[in-house]
Amino acid sequence: MTHEIVVASGKGGTGKTFVASNLSFYLSSYKNVSLVAVDADVEAPDLLIALGGLRRKLWEYEFFGANEPVINTERCTACWKCVELCAFGAIVKGDSTPAIDYDKCEGLGVCAKLCPAGAIVLRPRKTGCLYAAESSQGILVVTGELELGGRNSGRLVYELKSRARAMRPEFVVVDSAPGIGCPVVSSVSGADLLVIVVEPVPQSLRGAQRLISVAEQLRTDWVVILNKYDINTALADRIATELGDRLVGTVPYDDSVVESYASMVPILKYRPNSPAAVALSKALERLGGDYGWW
Ligand code: SF4
């Protein structure tokens, strides 16, 4: 059975990839479990980098996340109905047949459905890729990338998670996108546990509250790690009181985190005795011991 743990934060820059990469390293190195890490931040993937970068690719697929219309000019009768119907102005009159501006096309397919001559067909459009790799730290990572303006990030995340689960590891650790948009909902959906990383600033707290409501709607268990708690101890104390036993650990601000990130080595390996590494280890031990997740 695979346990799926998602690490998310309602706001970027709170330390989500820091926690996800170290959790992946912790489980595979200290708990000896089989694990696949998933980078679900498909618009700005960096989990593979945080885990040492690419050692070797295992497989790669193209991702077709949208459709695009193609006009059969021999069938087209130049009635210009498609030009009138396209709500996005993506089809314009050409010399004898319509021309399509694919940058404006949303791929909804109204033109193909309503063309009286049946001259428009939809074909799948490549909007990204997904691949599995072994990182230089020896951790399997399934990751993907959306092309510029690529659509359907939620579906790409679903594909990434499905392919990671198909590898049948004991744990899948998902590094979610920031915010609570489509890829985040797709990350949390079907997961066993959501680890929310929050820092004591109002924007992060607001994002975390929104994430909690997503988790509760999707019936996903959730806990919180309070990162950089000492940048605002008054708010950190308030958050700790409100969260009670949902708060599994507090991690101090520590320059070693930035150094480990720049070195592409998880801090638990890079500087295991640093204040942040010690505090994070304690939180992860608690998640295993007191909370029984591993
Ligand atoms: S609706 Fe069909 S037949 Fe009419 S202009 Fe467009 S492609 Fe041609």
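This report covers the domains, then the pockets, then the cavities.

## Basis

This is a predicted model, in which local features need pLDDT of at least 70, side-chain atom pairs count only at pLDDT 80 or more, and totals for chains, interfaces and linings use all residues. Residues are numbered from 1 along each chain as its sequence is written, and side-chain values use heavy atoms, with hydrogens and water left out.

## Domains

The protein chain is split into domain 1 (3–64 + 128–289) and domain 2 (66–125). These bounds come from an automatic or database domain assignment. The centres of domain 1 and domain 2, taken over C-alpha atoms, are 42 Å apart.

## Pockets

A pocket is an open set of points on a 1 Å grid over the protein atoms alone, with protein on both sides within 12 Å along at least five of seven lines; lining residues have an atom within 4 Å of a point. Points are joined across faces, edges and corners, and a volume is the space filled by probe spheres set on them.

The largest pocket has a volume of about 360 Å³. Its lining has 19 residues, and Gly-13, Thr-14, Gly-15, Lys-16 and Phe-18 lie nearest its centre. H1 and H9 each give two or more residues to this lining. Helices here are DSSP runs (H or I, at least four residues), numbered from the N terminus. By class, the lining has eight nonpolar, six polar and five charged residues. Nonpolar means Ala, Val, Leu, Ile, Met, Phe, Trp, Tyr, Cys and Pro; charged means Asp, Glu, Lys and Arg; the others, Gly among them, are polar.

The second largest pocket holds about 180 Å³. It is lined by 17 residues, with Cys-86, Phe-88, Leu-108, Gly-109 and Val-110 closest to its centre. Helix H3 (81–85) and helix H4 (110–114) each supply two or more of the lining residues. The lining divides into 14 nonpolar, two polar and one charged.

## Cavities

A cavity is a set of grid points where a 1.4 Å probe fits but cannot get out. There are two cavities of 30 Å³ or more. The largest cavity has about 90 Å³ of space. Of its 14 lining residues, Cys-76, Cys-79, Cys-82, Pro-98 and Cys-115 are the closest to its centre. The lining comprises 12 nonpolar residues, one polar and one charged.

The second largest cavity has a volume of about 50 Å³. Its lining includes Phe-18, Ala-50, Tyr-261 and Ile-267. Helix H1 (16–29) and helix H9 (255–263) each give it two or more residues. Seven lining residues are nonpolar, three are polar and none is charged.
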